[in-house]
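The sequence and structure come first.

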Amino acid sequence: MTYESILVETHDRVGLVRLNRPQQLNALNSQLMEELATAIEAFDREPAIGSIVITGDERAFAAGADIKEMAAASAVEMLQRDNISRWDRLRRVRKPIIAAVSGYCLGGGCELALACDMIVASESARFGQPEINLGVMPGAGGTQRLTRAVGKAVAMEMVLNGRFLTADEALRYGLVNRVVPVEAYLEEAIKLAQEIAARAPVAVRLAKEAVHKAFETSLTDGLEFERRLFYFLFATEDQKEGMRAFIEKRKPEWKGR
Ligand code: CAA
């Protein structure tokens with residue numbers, strides 16, 4: 001498959017997607033989002049891939065949804081296009097997704113990073129939901145995932161008053177996993193993705209599902225869900241191998257079944 005607005009690479013068992021509209025600070029137009037969702041779904045289906053990294057470039061992860069594409073649209077056109085439904089396609093991806101963020105990570109760009117499972121940020125990363133400056137509000141998770149990530153106080157300031165967070169603030173508020181020098185952020189994200197991709201694939205898949213469940217359900221239902229998945233993993237060869245390898249003091253060899 002050939003893409004125009006993204007670049008796709010593999011690094012061992014890691015699938016890497018680079019948003020590639022540098023002149024527009026990787027603004028997320030419908031073509032880019034369609035290509036991104038298609039590429040990520042392809043990696044999700046590919047058994048040789050264990051995890052996925054999404055990145056932009058040093059100046060911008062993404063400066064938001066493409067303002068020029070939607071500026072003149074009516075509400076009915078926005079509803080009919082329903083571009084944001086592509087975010088739901090990312091949500092259904094079963095393999096872990098890491099966002100490698102440098103520079104501007106704004107609006108839909110911040111929402112895209114929040115839709116990933118982890119974020120590795122460069123020291124130059126800036127996170128914000130500046131939609132209020134355009135007379136609108138976040139539309140792809142900025143009031144929901146951001147609030148769950150950083151809490152009400154900081155989310156309110158970002159959403160109502162366009163406050164940007166530095167990378168260090170984002171780390172302090174729990175939005176990102178780690179902050180590294182600009183030269184190293186992508187390498188660090190790929191390394192983290194490779195470590196996860198080397199783990200038992202079925203356990204990784206179910207563990208991701210269980211953590212996501214924590215945001216959707218009551219504690220009692222979540223604990224029951226988790227327990228069922230835990231017991232289910234005893235039906236996998238990897239559970240037998242993992243525990244046998246521990247007892248025999250050797251490294252396990254995962255089969256993914
Ligand atoms: N949409 C379309 N084009 C964008 C863009 C966006 N979100 N962000 C940047 N660009 C374009 C600029 O128009 C400019 O293009 P031209 O050279 O053709 O004029 C190019 O990228 C470079 O941008 P700037 O010249 O503005 O660069 P700067 O360094 O002066 O400023 C910036 C950088 C502060 C990030 C500024 O570009 C900016 O404020 N961008 C918009 C950020 C924003 O409001 N994002 C929210 C979008 S709405 C949204 O995302 C809705 C949602 O929830 C789904």
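## Strand E5 and its partners

Ala 99 stands opposite Ile 119 in E7. This pair belongs to the parallel pairing of E5 with strand E7 (residues 118-122), which is made by four bridges. The model is a predicted one.

E5 also pairs with strand E3 (residues 51-55), again in the parallel sense and over four bridges. There, Ile 52 has Ile 97 of E5 as its bridge partner. Strand E5 (residues 97-101) is largely enclosed by the rest of the structure, because five of its five residues are buried. The burial applies to both faces of E5: Ile 97, Ala 99 and Val 101 are buried on one side, and Ile 98 and Ala 100 are buried on the other.

## The six-stranded sheet

Which order do the six strands of the open sheet follow? The order is E1-E2-E3-E5-E7-E10, and the pairing is mixed. At the edges stand E1 and strand E10 (178-180); each has a single partner strand, so one side of each is left without a neighbour in the sheet. From one strand to the next, the twist averages 20°.

E10 is joined to E7 by three bridges, and the two strands run parallel. In this pairing, Val 120 has Arg 178 of E10 as its bridge partner.

Strand E8 (residues 126-128) pairs with E9 in the antiparallel sense, over two bridges. The bridge partner of Phe 127 in E9 is Leu 165.

## Cysteines

How many disulfides does a search of the whole structure find? The search finds zero. Cys 105 is in no disulfide: the nearest cysteine sulfur belongs to Cys 110 and is 4.8 Å away, whereas a disulfide requires two cysteine sulfur atoms within 2.5 Å. Cys 116 is in no disulfide either, and the nearest cysteine sulfur to it, that of Cys 105, is 9.0 Å away.

Are Cys 105 and Cys 116 buried or exposed? Cys 105 has 0% relative accessibility and therefore counts as buried. Cys 116 counts as buried because its relative accessibility is 9%, and the cut-off for buried is under 20%.

## Ligand surroundings

There are 22 residues around the ligand, of which Ala 65, Ile 67, Gly 108, Glu 111 and Glu 131 come nearest.

A side-chain N or O atom of Arg 59 is 3.0 Å from an oxygen atom of the ligand. For Lys 68, the distance from a side-chain N or O atom to an oxygen atom of the ligand is 2.9 Å. Gly 139 contributes a backbone N or O atom, which lies 3.1 Å from an oxygen atom of the ligand.

## Loop residues

Asp 12 is placed in the loop between strand E1 (6-11) and strand E2 (14-19). The phi of Asp 12 is near 55°, a positive value in a residue other than glycine. Asp 12 counts as exposed because its relative accessibility is 66%, and exposed means over 50%. Leu 25 is in the loop between E2 and helix H1 (30-45). Although Leu 25 is not a glycine, its phi is positive, at about 50°.

Phe 234 lies in the loop between helix H11 (219-232) and helix H12 (237-247). With a relative accessible area of 34%, Phe 234 is partly exposed. Which residues does Phe 234 contact, leaving aside its neighbours within four places in sequence? The contacts are with Gln 239, Lys 240 and Met 243. Phe 234 and Ala 170 are 64 residues apart in sequence, and their C-alpha atoms are 38 Å apart in space.

Technical notes
Residues numbered from 1 in each chain as written. Predicted model: local features only at pLDDT ≥ 70, side-chain atom pairs only at ≥ 80, totals over all residues. Heavy atoms only, no water. Buried < 20%, exposed > 50% of the residue type's maximum accessible area, 1.4 Å probe, protein only. Contact = heavy atoms within 4.5 Å. Pairing = 2+ DSSP bridges. Near = heavy atom within 4 Å. Polar contact = N/O pair within 3.5 Å; in protein donor to acceptor, adjacent residues only side chain to side chain. Axes fitted to C-alpha atoms, helices over the stretch in contact; angles between N-to-C directions.
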